[in-house]
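Please read the points below alongside the sequence and the model.

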Amino acid sequence: MAVRRVVIMGAAGRDFHVFNMVFRGDPGVEVVAFTATQIPGIDSRIYPTALVGDGYPHGIPIVPEDSLEAVIAEQRVDEVVFAYSDVAHQTVMHQASRVLAAGADFTLLGPKSTMIRAEVPVVSVCAARTGAGKSQTSRFVAHLLRENGVRPVIVRHPMPYGDLARQTVQRFESLEDLDRHEVTVEEREDYEPHLRHGFVVYAGVDYQAVVREAEREADVIVWDGGNNDFPFVSPDLEITVVDPLRAGHESTYHPGEVNVRRADVVVINKVNSATSGAVAAVRVEVRSLNPRALIVEVDSDITLEEGWEETLAGVRRRTEAAGAGPSALRVLVVEDGPTLTHGGMSTGAGVEAARQLEAPELVLVDPRPYAVGHIAALFERYPHVGPVLPAVGYFDEQVRDLERTVAAVPADIVLVATPFDLTKVIHVSQPAVRVFYELGERGEPCLRGAVLEFIHDFLSRG
């Protein structure tokens, strides 16, 4: 039997999971390469022999996606598997056209082929787009479970941007674990809020091993999805978050539309920030895609850290003492990176928080003219980003350039709207105020009711 030669297109997440679940150990298939995109610095690596199994004595190379056609030709590739998320439907078909024109088959693998069955119940929280509010929804669900005597463990969508062999299975229980695992800024954004709320988080590369470890200490696994990917673990309750600030994206992004169509509960988030027309349009679109789902509306409640009034007053006093009037108070807003870059938003919760300050003397300072190095390149790559600074740090040089950019911006105060404490990662010389956002319910029908019904069913099963 001829061996089928395969390339997996990815972004250091689902691509590895697809290999582990579908192709590892299959003597009829040889995966000749992974291609990498979206995340800087993850190509030119090797998927290591410790993870790859028999038949790959040198591991599997990870190459830039730009070289796809050359790899297909040089390696006589039969099939290309598309395995990354948060891309427009049109982009998926452009990639398919590249592959077909180069002479290979183009494949999408679905939930049945790639989901793991856990030994404990699973609640999944996914989304139609990055930045819709998955993690705050996951925390809301985890709190409800814990309040009702059910022990939740968070299993987080992978972000293996470091040493893949060391990241096979990762367990985080404290903030010190983030340092021990040498996580990136992006990992901190997703793990730290859960840890601060007292939840254990698992992540890694080999999710069969990750789930086996997590279910040992969990009554219920809460899958906290990444990008707008569908779960790696088969869910018993499937929640999908949609964003009325990006109305219409429910049916135009892959695999976000999959999540909307599969959902038991669709959460329309950020209702307090969106227009009523946008919320209504999203509701109509969701109902057309999924007539059976329960649709609930929630707010993304934005708050400032305790003591922000004193910090702001101190900044005012210093600027006035220096001879500047109140109108000169300049603020730099630092936002969650992936929400702006992959998620396509121009601004985020930080700008909303600045509006809530109701201080007309605050003026947003555009960081783009002051950006250096990798941060300047980021603004060029994502020209839709507005007058805010995305907190990105996939590698050390990018973190250093983020610090240099913050230092260069002539701001009197920094509003930090990242889910993690930025000042623990980089030095911020200006006074800083953190912005927090949590899910707030609006009325019936409500997410609480759906989760409590699930908990009741779980407890009745013993």
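**Notes on the model**

1. Strand β5 is covered on both of its faces, since E79 and V81 on one side and V80 and F82 on the other are all buried, where buried means under 20% relative accessible area, exposed over 50% and partly exposed in between, with a 1.4 Å probe and protein chains only. Helices (H or I, at least four residues) and strands (E, at least two) are DSSP runs numbered from the N terminus. In a regular strand the side chains alternate between the two faces of the sheet.

2. This is a predicted model, in which local features need pLDDT of at least 70 and side-chain atom pairs count only at pLDDT 80 or more, while totals for chains, interfaces and linings use all residues. Residues are numbered from 1 along each chain as its sequence is written, and side-chain values use heavy atoms, with hydrogens and water left out.

3. Which strands pair with β5? Strand β1 (residues 4-10) runs parallel to β5 and is joined to it by 4 bridges, and strand β7 (residues 105-108) also pairs with β5 in the parallel sense, over 4 bridges; two strands pair if DSSP finds at least two bridges between them.

4. R76, in the loop between α3 (68-74) and β5 (79-82), has a positive phi of about 50 degrees, and R76 is exposed, with a relative accessible area of 57%. D86, in the loop between β5 and β6 (87-88), has a positive phi near 65 degrees, but D86 is buried, with a relative accessible area of 5%.

5. One joins H254 and P255, with omega about -5 degrees, and P255 is found in the loop between β14 (253-254) and α10 (256-262). Another joins E444 and P445, with omega about -10 degrees, and P445 is found in the loop between β21 (432-441) and α17 (447-460). Most residues other than glycine have a negative phi, and most peptide bonds are trans.

6. Finally, the second largest cavity is lined by A128, R129, A132, V242, D243, R246, H249 and E250. A cavity is a set of points on a 1 Å grid over the protein atoms alone where a 1.4 Å probe fits but cannot get out, and lining residues have an atom within 4 Å of a point.

Notes
1 Å grid on protein atoms, 1.4 Å probe; cavity = no way out; pocket = protein on both sides within 12 Å on 5 of 7 lines; lining within 4 Å.
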